[in-house]
Amino acid sequence: MMPVGTGNPKDVLQKLINDATEENQPFCILGVCTGMRNELEDTMPEQFQFTADRDYADYIYLRSDLATLKGKKFQAKRNHINRFRNSYPNYEYTPITPDRIKECMELEAEWCKVNNCDQQEGTGNERRALIYALHNFEALGLTGGILHVDGKIVAFTFGMPINKDTFGVHVEKADTSIDGAYAMINYEFSSRIPEQYTYINREEDLGIEGLRKAKLSYQPTIILEKYMACYKPVQWKW
């Protein structure tokens, strides 16, 4: 990731480059957005090769869109919500609290079993990060919600502010046997994100076709392109 903080980024970058060289490894920075790319170019001109990676582009939405689902473009989403309400009139939405972490872990384990996530690098890495986040939920300043049907958890989600105008949704998991669970947890959580946030960043699709289709269906206002920046003086074969 791109170094952040105060001070001269060139000093930090050079130390990282030296460390990679000593380990006989290429030095690459992942998740570089346009602003970071410009900063790298200003700091170390023409020393990095930038490759766009669509699989890691962030999907950014207007909070008001996801919180209200108003307008013709969200008619299908409102239909999902209404079907869920009609099918499960006794559903409940509750915030994630320390005493509810265990049931989130149980749903995540079941979701992972169904989706064979331990056999895929992307979802396997996500699982490790998710488990760490749940174990350190309050310390990390996370906020989340749970959806219950007949007293059983069927979905959960959580995130945290990225900056003063953008809230990041980091995780969203649901029981796929419950039709509309994903749409409902998205709607319920989005409607509770404070109005001070103009945008909701729902992160990348990792190149997963179904996930990309789902994220596009919510009409992102921005697809934030990201790059992999690799130090050029050493040529590496992948």
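**Ground rules**

I am working with a predicted model, where local features need pLDDT of at least 70 and side-chain atom pairs count only at pLDDT 80 or more, while totals for chains, interfaces and linings use all residues. Residues are numbered from 1 along each chain as its sequence is written, and side-chain values use heavy atoms, with hydrogens and water left out.

I also noted how elements get their labels: helices (H or I, at least four residues) and strands (E, at least two) are DSSP runs, numbered from the N terminus.

**Entry 1**

Two strands pair if DSSP finds at least two bridges between them.

Next I followed strand S10 (residues 227-231), which is joined to S1 by three antiparallel bridges. Val-32 has Tyr-227 of S10 as its bridge partner, and Ile-29 has Ala-229. On the S2 side, five bridges link S2 to S10, again antiparallel. There, Ala-52 stands opposite Tyr-227.

Why do I call S10 largely enclosed by the rest of the structure? I do because four of its five residues are buried. Buried means under 20% relative accessible area, exposed means over 50%, and partly exposed lies in between (1.4 Å probe, protein chains only).

**Entry 2: the seven-stranded sheet**

I then traced an open sheet of seven strands, in the order S4-S5-S6-S7-S8-S3-S9, with mixed pairing. Strand S4 (92-95) and strand S9 (222-224) stand at the edges with a single partner strand each, so one side of each has no neighbour in the sheet. Here the twist averages 25 degrees from one strand to the next.

A reminder to myself: strands of a sheet pair through backbone hydrogen bonds, either parallel or antiparallel.

S4 pairs with strand S5 (residues 143-149) in the antiparallel sense, over four bridges. Within S5, His-148 stands opposite Glu-92.

Which helices lie across these strands? Helix H5 (residues 101-115) lies across S5, strand S6 (152-161) and strand S7 (166-174), at about 105 degrees to S6. Helix H7 (residues 181-190) lies across S4, S5, S6, S7 and S8, at about 135 degrees to S5.

**Entry 3: two loop residues with positive phi**

I checked Asn-24, which has a positive phi of about 55 degrees although it is not a glycine. Asn-24 sits in the loop between helix H1 (9-22) and S1. With 57% relative accessibility, Asn-24 counts as exposed.

Glu-203 is also not a glycine, yet its phi is positive, about 65 degrees. I found Glu-203 in the loop between strand S8 (199-201) and helix H8 (209-217). Glu-203 is partly exposed, at a relative accessible area of 22%.

**Entry 4: Tyr-182**

Back in helix H7, I picked out Tyr-182, which is partly exposed at 29% relative accessible area. What is Tyr-182 in contact with, leaving aside its neighbours within four places in sequence? Trp-111, Glu-172, Lys-173, Ala-174 and Thr-176 are its contacts, where contact means heavy atoms within 4.5 Å. I also compared Tyr-182 with His-80: they are 102 residues apart in sequence and 9.4 Å apart in space, C-alpha to C-alpha.

**Entry 5: the cavity**

My search of the whole structure turned up one cavity of 30 Å³ or more. A cavity is a set of points on a 1 Å grid, over the protein atoms alone, where a 1.4 Å probe fits but cannot get out; lining residues have an atom within 4 Å of a point. The volume, about 30 Å³ for the largest cavity, is the space filled by probe spheres set on the points.

Its lining is made of Leu-66, Leu-69, Lys-77, Ile-81, Ala-183, Asn-186, Tyr-187 and Tyr-218. Helix H4 (75-87) and H7 are the elements that give two or more residues to this lining, and H7 gives the most, with three.

Methods. Axes are lines fitted to C-alpha atoms, for helices over the stretch in contact, and angles run from 0 to 180 degrees between N-to-C directions. On a 1 Å grid over the protein atoms alone, a cavity is a set of points where a 1.4 Å probe fits but cannot get out, and a pocket is an open set with protein on both sides within 12 Å along at least five of seven lines; lining residues have an atom within 4 Å of a point.
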